[in-house]
Structure formats: C-alpha cells, structure tokens
Amino acid sequence: MSIKILVFLEQRNGEIKKQSLEAARKGFKLSKDLQGGVTGVVVGDNISNIEIVSEHGLEKVIHFKHPKLSNYSSTAYSKLIADFVKENNFNLLLFSHTAMGKDLAPIIAAKLKAGYGADCTSIEVKDGQLVFERPIYAGKALMNFSLNSEVKVLSIRPNTVSLTEDGFKVNLNVETKEVSEDSLDLRSVVTAYEKSEGKLDVAEADIIISGGRGMKGPENFYLLEEIAQLLGGAVGASRAVVDAGWRPHSEQVGQTGKTVSPKLYIACGISGAIQHLAGMSSAKCIVAINKDKDAPIFQIADYGIVGDVLEILPVLKEELKKYVS
Amino acid sequence: MKIVVALSHVPDTATKIKIAQDRKNIDPSGVSFIINPYDEFAIEEALRTKEKFGGEVIAVTYGNDSAKESIRKALAMGVDKGILIKGDLNVDSLTVAEALASEISQLNTDIVFCGKQSVDYDSSAVGQMLAEFLNFPSISTVVKLEIEDGKVKAEREVEGGIEKVESSLPIVITAQKGLNEPRYASLKGIMAAKSKPIEEKTFDASNNRLVVNELKLPESKRKSKIVGTDASAVPELVKLLREEAKVI
C-alpha cells in the first residue's frame with residue numbers, strides 16, 4: 001500500500017509554529033523516500049502565515065476553519081482530524097512533540113486504534129519499512145522500534161529537523177473547509193493563553209543558561225538572566241534550586257522538568273545529577289562552569305571552566321558583549 | 001464522587017540504565033522501583049477532590065505483582081482501594097490505556113487523575129488515550145484545577161506560559177509538578193493500608209502495536225575539554241564557542 005502522510009500544522013494566534021515546519025519537512029522527505037504523498041492540515045480561524053509551508057515541502061494544505069477553532073480544543077481538533085484521516089485513508093500522521101502535539105496526537109491515535117510513537121528523534125526508511133527511534137528514561141537510553149498497525153501516528157522532538165537545508169520549495173494549494181458549528185465537539189476548550197512575563201521558554205530556546213546550587217542564592221540569578229538576554233536565550237534551573245524555591249518549576253531542566261535540545265547549553269554551578277543530565281544531554285554544545293573539577297557535568301560537556309561561577313559569569317557577560325549586540 | 005487515580009510503577013529516577021542481554025529491555029538487576037513521581041501529584045489531587053466532595057478514591061495500575069508496592073503506597077496516602085490489572089509489560093501506551101479503560105469504564109467514574117507522563121517511557125500518552133476510550137474529554141499537564149457544579153476549570157503548562165481550559169465532568173486530568181504538594185503517608189495511614197483491598201484482574205495484551213527492535217545507550221561524542229580554571233579562561237571559551245563550535 002502506498003504511503004499517504006498527513007502533517008499536523010500547529011497554530012497559535014493564527015500563526016503556524018516553527019516546530020510544525022520541521023514535521024512538514026520530515027513528511028516531504030518520507031513521501032519522496034516511499035513514493036507517496038504528503039498533505040498538511042491546520043485547524044483554526046484565520047491563518048496569517050500559511051504561505052510559509054510552501055518553503056517546507058507542503059503542496060497541499062487543508063484548513064478546517066471556524067472562529068471557535070482559533071483556540072485549541074482537544075475534543076474538536078481530534079474529531080476533525082481523525083474523521084479526515086478515515087475519509088482519506090491517510091496512514092502516517094506526523095505531529096511535533098509540543099505541548100499541543102503531545103496532547104492531541106495520542107487522542108487521535110486512540111480514535112484510530114493506531115500505534116503511536118512519541119517524541120521521535122529519528123524516522124527512517126530501512127528496507128522499505130519505517131523505523132523509528134526515541135529517547136526513553138529521559139534520554140538515558142534510546143529505543144529503536146517499528147509500528148505494526150495500518151495507521152501510524154508519530155510525534156517528532158522539536159529541534160531535530162534542519163529548517164535551512166535546500167530543496168523543499170513547492171507550490172502551495174490551500175483548501176479551506178468551513179466547518180459548521182454544530183459539528184464541533186467543544187467539550188473541552190482553551191479560553192485563554194497567558195504568556196509568562198514575556199520570557200522565552202527553555203523548551204523553545206536555542207540557547208539555555210542554567211543555574212544550580214553553585215549560584216549560592218536566588219539573588220544571583222540576575223547574572224544568568226543578563227547573559228540569556230544578551231544571547232537571546234532562556235534561563236534554566238536544576239531541580240535542587242527549583243525545590244529550594246529559588247526558581248519556578250517552568251524553568252526546571254531534567255527528568256522531572258523539561259527535556260531540552262538547544263544549540264548551546266551553559267550549566268552554571270550544576271554538578272550534573274543523572275536526572276539533570278538526562279534532560280539536557282542532547283544539546284548540540286554543552287559548556288560547564290563548576291568549582292568542583294570532578295563534577296559529573298564535565299564528563300558530558302564539550303567545554304568546561306573549573307572555578308567559581310559568581311566570579312566567572314560577570315567576565316563572561318563582558319566578553320560576550322564584544323561579539324553580540 | 002467516584003474518583004480514580006491511574007498509577008505507574010517505574011524505575012527510580014536516580015537509576016543508571018543498563019541494557020539487558022536481549023537488547024530489548026533494561027536490565028532490572030539493582031533497579032529500585034518507585035511510584036511514578038507525577039502520579040504522586042495525581043494521588044494528592046484525587047484525595048483533595050474526595051475531601052471536598054466526598055466519595056471514594058480507587059487506584060488502578062497496569063503491571064505485575066511488584067506494582068502492588070506502589071498501590072500500597074497510594075493506599076497509605078489515603079486512597080480507599082486498589083485494582084491491579086496484570087498483563088504483559090512489553091506493550092505500548094494504547095494497550096495500557098485499553099487495559100485501564102476496561103476496568104475504569106465499569107466504575108461509573110466522575111474523574112480520573114493520572115501523572116502527565118511516566119518517567120520510564122516518557123510518552124505522555126496514556127491519560128489522553130484513556131480519556132478517549134472512556135469517551136471523556138481530557139486536560140493534560142495541569143498545574144491548577146477547580147471543580148464546581150460539574151464544571152472544570154484548569155490551567156495547563158504550555159511553551160512560554162499557561163493555557164486556561166474549560167470543560168466538564170466526567171473527565172481525565174493529567175497532573176504536572178506544581179499542581180499541589182503531595183502529602184506524606186502517616187504511620188496510621190501505613191497501618192491502615194495493610195487491610196485495604198487490592199483487587200486483581202488480568203488483561204489480554206495481544207493487540208500491542210509497537211515492536212521494539214533494539215534498545216541502546218546514547219553515544220557521547222563530547223570533547224570534555226577543560227578550557228581553564230578561573231575567569232581568565234573566559235576569552236578562550238568564547239573564542240571556541242564562536243570559531244570551533246560555531247554556536248554564538
């Protein structure tokens with residue numbers, strides 16, 4: 001049977017999110033490898049930047065449109081998509097493993113009784129078959145797996161597909177389907193989104209600078225905030241400092257916090273408990289600053305400085321200022 | 001109110017993972033198992049819901065005999081009874097959700113609490129799948145919950161902020177850290193748990209759709225280069241980040 005891929009395009013405030021473009025590119029690539037087709041689906045009201053998907057391999061996008069769909073509704077979105085999949089016999093569904101994607105994909109998999117693989121870091125074709133890989137135990141191990149169901153649902157870990165590679169430009173055709181209100185399952189609806197103090201989330205940041213107990217106290221975290229701002233990054237925290245109440249849980253990186261894969265991760269005064277390492281070891285480049293030369297964090301770092309973070313951070317800020325405006 | 005909390009019995013987060021001989025499982029030797037950390041927030045919220053509205057809290061687990069330890073812990077915290085559904089452990093989230101739904105659907109449940117993910121397979125999927133099989137709506141990764149007159153208002157954690165969600169009972173809620181501060185079991189609770197019932201059921205897990213080909217440990221290709229021992233190393237570090245790693 002030929003492959004028919006459907007890519008879920010996530011929108012917030014009418015804008016397609018970057019992570020969905022990664023899923024679109026993966027879908028385009030797999031459709032070439034398996035000689036099948038790929039379609040995008042977006043659920044929402046007006047979408048301001050829909051043309052962007054033509055840069056990422058999607059020729060066809062279905063837009064389910066209604067004002068009441070502008071905010072996420074797990075019940076309404078899942079029903080629309082699952083019904084659309086059944087009517088059109090899609091057999092591979094791709095999501096990004098974002099807050100919305102990881103909520104929605106399992107509901108749709110259950111509706112379709114489809115096998116589900118979450119948070120995949122690799123989707124490949126081997127001997128004509130799809131094989132997947134995903135981290136388990138917060139990245140302490142990797143699972144290579146297959147799905148034996150007719151329909152397969154996968155979510156892709158953000159920041160694992162390059163958006164700069166050439167060869168994904170296509171002509172886009174958007175088909176808008178106006179949805180009637182009485183067909184919407186609105187048992188659960190998002191009524192508002194509140195951004196936390198305009199700060200970038202660690203889960204979305206390209207650069208993260210994290211602090212642990214070596215920061216000595218919450219009053220010293222401004223040092224990290226200044227550097228984060230300079231680099232356009234986010235501040236992260238170890239579990240120890242979150243549990244001590246120095247920083248909010250939304251900043252916690254690690255097994256009971258967030259799993260992140262930024263371009264650059266700077267660990268300051270973090271010794272590197274196994275739970276923390278699990279959450280950040282997939283970062284492309286890791287820098288460790290710690291006064292204990294035997295701290296486990298140095299073993300997984302690319303570069304390290306042994307020393308007192310409170311002395312090193314002000315110097316680091318000044319040095320970075322020379323290159324970043 | 002009829003309240004259910006779904007539990008998962010998982011390796012302690014401090015566990016160093018080793019791969020078993022068959023390359024498809026982890027080596028369980030020396031691994032201590034605990035109640036899934038996020039499930040403790042689910043238990044606490046279930047108990048608070050019972051304290052507010054009255055009723056009963058039932059803990060349901062899919063697993064093997066050793067999972068009784070986690071059920072006992074929940075009973076010691078104040079849960080009224082437990083159900084252990086025994087079945088093959090090498091199964092996907094959908095099978096676990098089907099197994100849980102097969103029992104929970106018979107309980108006339110108003111609300112089900114789960115942890116937002118189990119810290120072994122990390123899929124964040126069972127809660128939402130369970131809701132679908134029960135034909136309930138679900139709200140995942142919840143950090144704040146209010147229930148009044150059958151209406152549910154929740155806040156869920158999303159990238160860069162929170163989403164406010166409105167729904168109604170019956171519902172499945174998956175708990176994120178921050179929802180509450182889980183209580184410790186009292187000595188009285190631990191004693192009482194010994195006489196609380198754990199019902200045992202079985203589930204045929206032959207519908208599993210996920211085939212594990214191989215488990216492996218991630219390879220570390222890190223340089224682990226110590227650039228220097230105090231602030232004087234900073235210029236060299238920044239140079240390396242710019243010219244060698246090319247990340248700033």
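Two strands count as paired when DSSP finds at least two bridges between them. Keep that in mind on this tour of a predicted model.

**Stop 1: a parallel pair in chain B**

Select residues 56–63 and 81–86 of chain B. These are strands β4 and β5, which pair in the parallel sense over six bridges. Now pick out B:Gly63. Its bridge partner in β5(B) is B:Lys86.

**Stop 2**

Zoom out and colour by chain. The open sheet has ten strands, with mixed pairing. Walk across in this order: β13(A)-β9(B)-β8(B)-β7(B)-β10(B)-β6(B)-β1(B)-β4(B)-β5(B)-β11(B).

**Stop 2: chain B overall**

Show chain B by itself. Its 248 residues are 49% buried. Count six helices and 13 strands. The C-alpha atoms fill a box of roughly 65 × 45 × 40 Å along the principal axes. Of the contacts in chain B with a separation of 6 or more, 72% link residues 24 or more positions apart.

**Stop 3: where the chains meet**

Bring chain A back. The contact between the chains takes 78 residues from chain A and 72 residues from chain B. Which element of chain A gives the most to its side? Select residues 99–112 of chain A: helix α3 does, with eight residues. Colour the chain A side by residue type to find 41 nonpolar, 22 polar and 15 charged residues.

Strands also cross the boundary. Select 141–147 of chain A and 210–216 of chain B. Strand β10(A) and strand β12(B) run antiparallel and are joined by six bridges. A:Met143 has B:Leu215 as its bridge partner in β12(B).

**Stop 4: a covered strand in chain A**

Go to residues 152–156 of chain A. Is strand β11(A) mostly covered or mostly open? Mostly covered: five of its five residues are buried. Show the side chains to see the two faces. A:Lys152, A:Leu154 and A:Ile156 lie on one side, with A:Val153 and A:Ser155 on the other, and both faces are covered.

Strand β6 (residues 92–96) of chain A runs parallel to β11(A), joined by five bridges. Strand β7 (residues 115–120) of chain A is also parallel to β11(A), with four bridges. Centre on A:Val153. This residue is the bridge partner of A:Leu93 and of A:Tyr116.

**Stop 5: two helices in chain A**

Finish with residues 222–231 and 309–321 of chain A, helices α4 and α8. Their axes come within 10 Å and cross at roughly 15°. Angles under 35 degrees count as roughly parallel, so α4(A) and α8(A) are roughly parallel to each other. The crossing is left-handed.

Show the side chains in the contact. From α4(A), select A:Leu223, A:Glu226, A:Ile227, A:Leu230 and A:Leu231. From α8(A), select A:Leu313, A:Pro314, A:Leu316, A:Lys317, A:Leu320 and A:Lys321. The residues of this contact divide into eight nonpolar, no polar and three charged.

Technical notes:
Residues numbered from 1 in each chain as written. Chains lettered and ligands numbered in written order. Predicted model: local features only at pLDDT ≥ 70, side-chain atom pairs only at ≥ 80, totals over all residues. Contact = placed C-beta atoms within 7 Å. Nonpolar A, V, L, I, M, F, W, Y, C, P; charged D, E, K, R; others polar. Buried ≥ 20, exposed ≤ 12 C-beta atoms within 10 Å, placed from the backbone. Axes fitted to C-alpha atoms, helices over the stretch in contact; angles between N-to-C directions. Parallel < 35°, antiparallel > 145°, perpendicular 65-115°, else oblique. Left-handed = near helix turned anticlockwise from the far one by under 90°.
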